[in-house]
Amino acid sequence: EWFLEELSDSIKASLTTRREHGFHIGAFAPYGYKKDPNARGHLVIDDEAASVVRKIFSLYLEGRGKQVIARSLNEEGIPNPTEYKRLHGIGRHKKAQCSPLWSYFTITNILTNEVYIGNMVQGKSGVVSLKTQKKVPYPREQWIVVPGTHEPIIDRDTWESTQNLIKQKSRKFSQYPEGIFAGMIRCL
């Protein structure tokens, strides 16, 4: 057991070092990118998916909501990131397990992911213990962000305009009274 714990710590340290140097260590590249076949840990733009990412940002800046964007992409028959990977033979996704439709949350994840401006963002979550394998999200201060590691899909002005618009549209939950069942129900 001690040996496994030492080995786990050693692997975590190695992966952290690679993250800090801006290498992508994930199994799959983020939507809009693909792994560079010539340089391990480097991302290159996937033109087909990148055009969809650009479209999402431009539709949002035109004033369309996230749900409207998702519906529009679904109506056009554009596959969501999971379905796109499956169609291109990336990963092990079975058709019955995942929906090919875009959702509000997928659009939100794309609009708030710094990878699209060329920053490598990793270490957002980790395993608490070797025994439990339970993943927990880390606070933003602990994320490993390395700017300028790959070619951006979205320019900096578009990114900042989008983030400002997201802040303007978001509502604070504190303005609503807390429900009587708050904290009693948990999603698994």
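This report walks through the aromatic pairs and the charges over rings in a predicted model.

## Ground rules

Residues are numbered from 1 along each chain as its sequence is written. Because the model is predicted, local features need pLDDT of at least 70 and side-chain atom pairs count only at pLDDT 80 or more, while totals for chains, interfaces and linings use all residues; side-chain values use heavy atoms, leaving out hydrogens and water.

## Aromatic pairs

Let's start with the rings: there are six aromatic pairs in the structure. A pair here means rings of Phe, Tyr or Trp (its six-membered ring) with centres within 6.5 Å; planes under 30 degrees apart are stacked, over 60 edge-to-face, and the rest tilted.

Y33 and Y116 are stacked, because their ring planes meet at 15° with the centres 6.2 Å apart. Y33 belongs to strand β1 (residues 33-35) and Y116 to the loop between α5 (104-111) and β3 (120-122), so this pair ties together parts 83 residues apart in sequence. Helices (H or I, at least four residues) and strands (E, at least two) are DSSP runs, numbered from the N terminus.

Buried means under 20%, exposed over 50%, and partly exposed in between (1.4 Å probe, protein chains only).

Y104 and F105 make an edge-to-face pair, with 5.4 Å between centres and 85° between planes. Here Y104 is partly exposed at 35%, and F105 is exposed at 59%.

## A ring cluster

Y33 and Y116 also join F57 and W159 in a cluster linked by ring pairs.

## Charges over rings

Two lysines deserve a look as well. K124 lies over the face of W143, 5.0 Å from the ring centre, and the charged end of K169 sits over the ring of Y60, at 4.7 Å from its centre. The criterion is NZ of Lys or CZ of Arg within 6 Å of the ring centre and within 35 degrees of the ring normal.
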